[in-house]
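Work through the exercises below with the sequence and the model at hand. Each task is followed by a solution in steps.

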Amino acid sequence: SGGGKKITVPPVTLLDDTELFERAEARSSLNLEPQGRYALFSLGPGNLKDVSGVGHELVRRFQAEGFTIVWACAPIAVQDVQFPPTVIPISVYPLVRYLKAFDVFVGAAGYNTCCEVVQAQIPSLLIPNTLLADDQARRAQIVAEHAPAVVSSCETADEMDAAVRSLLQMAETHQPAACTLDMSGASQAAEAILSLVGC
């Protein structure tokens, strides 16, 4: 009952659409082959949930489909995820700038990741982390309404197989497109804060 005012803003992103690299520029920046087939994995730091098990299983499945795997190393990880030597580790920030370099994306359904998937419109497999307080499953389902995304817990081999199959089918028919949602939450939030302090 503090008399506070609640303000709702659109998704908050770190970069504007114009700051995202297109495919060729993103691949060149990451030293990836122009014609390669790449899958980016960003499953989180593994601090609250072991991501190595599902990560390795999914890596194997995508490699079997002819993808080169790139693993985004989280800067807040307390320990490195061990991956096969065929996996390419990268550490770039913000990751969204480079998303269009990849044919598919596999990641957790945290707030930033979900906003970035919508902004970049990259075919994605979102794996909600149910051990967190925020409702990642619900967030991922909302993303799937606005971006080419498959949502799966990937807890069993059958779930993984079905998710990978659905994502690959989606990627085959996906045509690059600009995001049509209002993603100006950062600027709107900043304006609201400035109005409160009288600037």
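**Exercise 1. The chain as a whole**

Task: State what percentage of the residues of the chain count as buried, and give the order of its elements from the N terminus on.

Solution. The model is a predicted one.
- Step 1. The chain has 199 residues, of which 41% count as buried.
- Step 2. Its elements are six helices and six strands.
- Step 3. Read from the N terminus, they follow the order α-β-α-β-β-β-α-β-α-β-α-α.
- Step 4. Among contacts with a separation of 6 or more, 66% are between residues 24 or more positions apart.

**Exercise 2. The sheet**

Task: Find the order of the strands in the sheet, and say which strands stand at its edges.

Solution. 
- Step 1. The open sheet is formed by six strands, ordered E3-E2-E1-E4-E5-E6, and their pairing is parallel.
- Step 2. The edges are taken by E3 (88-90) and E6 (149-151); each has a single partner strand, so one side of each lacks a neighbour in the sheet.
- Step 3. On average, neighbouring strands of this sheet are turned by 20 degrees against each other, direction ignored.
- Step 4. Helix H3 (residues 111-120) packs on the sheet and touches E4 and E5, with its direction at about 160 degrees to that of E5.
- Step 5. Helix H5 (residues 157-173) lies across E4, E5 and E6, and runs at about 170 degrees to E6.

**Exercise 3. Strands E4 and E5**

Task: Say how many bridges join E4 to E5, and decide whether the residues on the two faces of E5 are buried or exposed.

Solution. 
- Step 1. Strand E4 (residues 104-108) and strand E5 (residues 124-127) run parallel and are joined by four bridges.
- Step 2. Phenylalanine 105 has serine 124 of E5 as its bridge partner, and valine 106 stands opposite leucine 125 in E5.
- Step 3. In a regular strand, side chains alternate between the two faces of the sheet.
- Step 4. In E5, Ser124 and Leu126 are on one side, while Leu125 and Ile127 are on the other.
- Step 5. These four residues are all buried, so both faces of E5 are covered.

**Exercise 4. Helix H3 and the residue after it**

Task: List the buried residues of H3, name elements that cover them, and describe the phi of the residue that follows the helix.

Solution. 
- Step 1. Eight of the ten residues of H3 are buried, and the helix is mostly covered.
- Step 2. The buried ones are Thr113, Cys114, Cys115, Glu116, Val117, Val118, Gln119 and Ala120.
- Step 3. Their cover includes E4, E5 and helix H4 (136-144).
- Step 4. After H3 comes glutamine 121, with a positive phi near 55 degrees.
- Step 5. Glutamine 121 is in the loop between H3 and E5.
- Step 6. The relative accessibility of glutamine 121 is 11%; the cut-off for buried is under 20%, so glutamine 121 counts as buried.

**Exercise 5. A cis peptide bond**

Task: Decide whether the peptide bond from tyrosine 93 to proline 94 is cis or trans.

Solution. 
- Step 1. Most peptide bonds are trans.
- Step 2. The bond from tyrosine 93 to proline 94 has an omega near -5 degrees and is cis.
- Step 3. Proline 94 is found in the loop between E3 and E4.

**Exercise 6. The second largest pocket**

Task: Describe how the lining residues of the second largest pocket divide into nonpolar, polar and charged.

Solution. 
- Step 1. The second largest pocket holds about 380 Å³ of space.
- Step 2. It is lined by 19 residues, and the closest to its centre are Arg23, Phe102, Pro123, His174 and Pro176.
- Step 3. The lining of this pocket has eleven nonpolar, two polar and six charged residues.
- Step 4. H5 gives the largest share of this lining, three residues.

Conventions:
Residues numbered from 1 in each chain as written. Predicted model: local features only at pLDDT ≥ 70, side-chain atom pairs only at ≥ 80, totals over all residues. Heavy atoms only, no water. Pairing = 2+ DSSP bridges. Axes fitted to C-alpha atoms, helices over the stretch in contact; angles between N-to-C directions. Contact = heavy atoms within 4.5 Å. 1 Å grid on protein atoms, 1.4 Å probe; cavity = no way out; pocket = protein on both sides within 12 Å on 5 of 7 lines; lining within 4 Å. Points joined across faces, edges and corners; volume = space filled by probe spheres on them. Nonpolar A, V, L, I, M, F, W, Y, C, P; charged D, E, K, R; others polar. Buried < 20%, exposed > 50% of the residue type's maximum accessible area, 1.4 Å probe, protein only.
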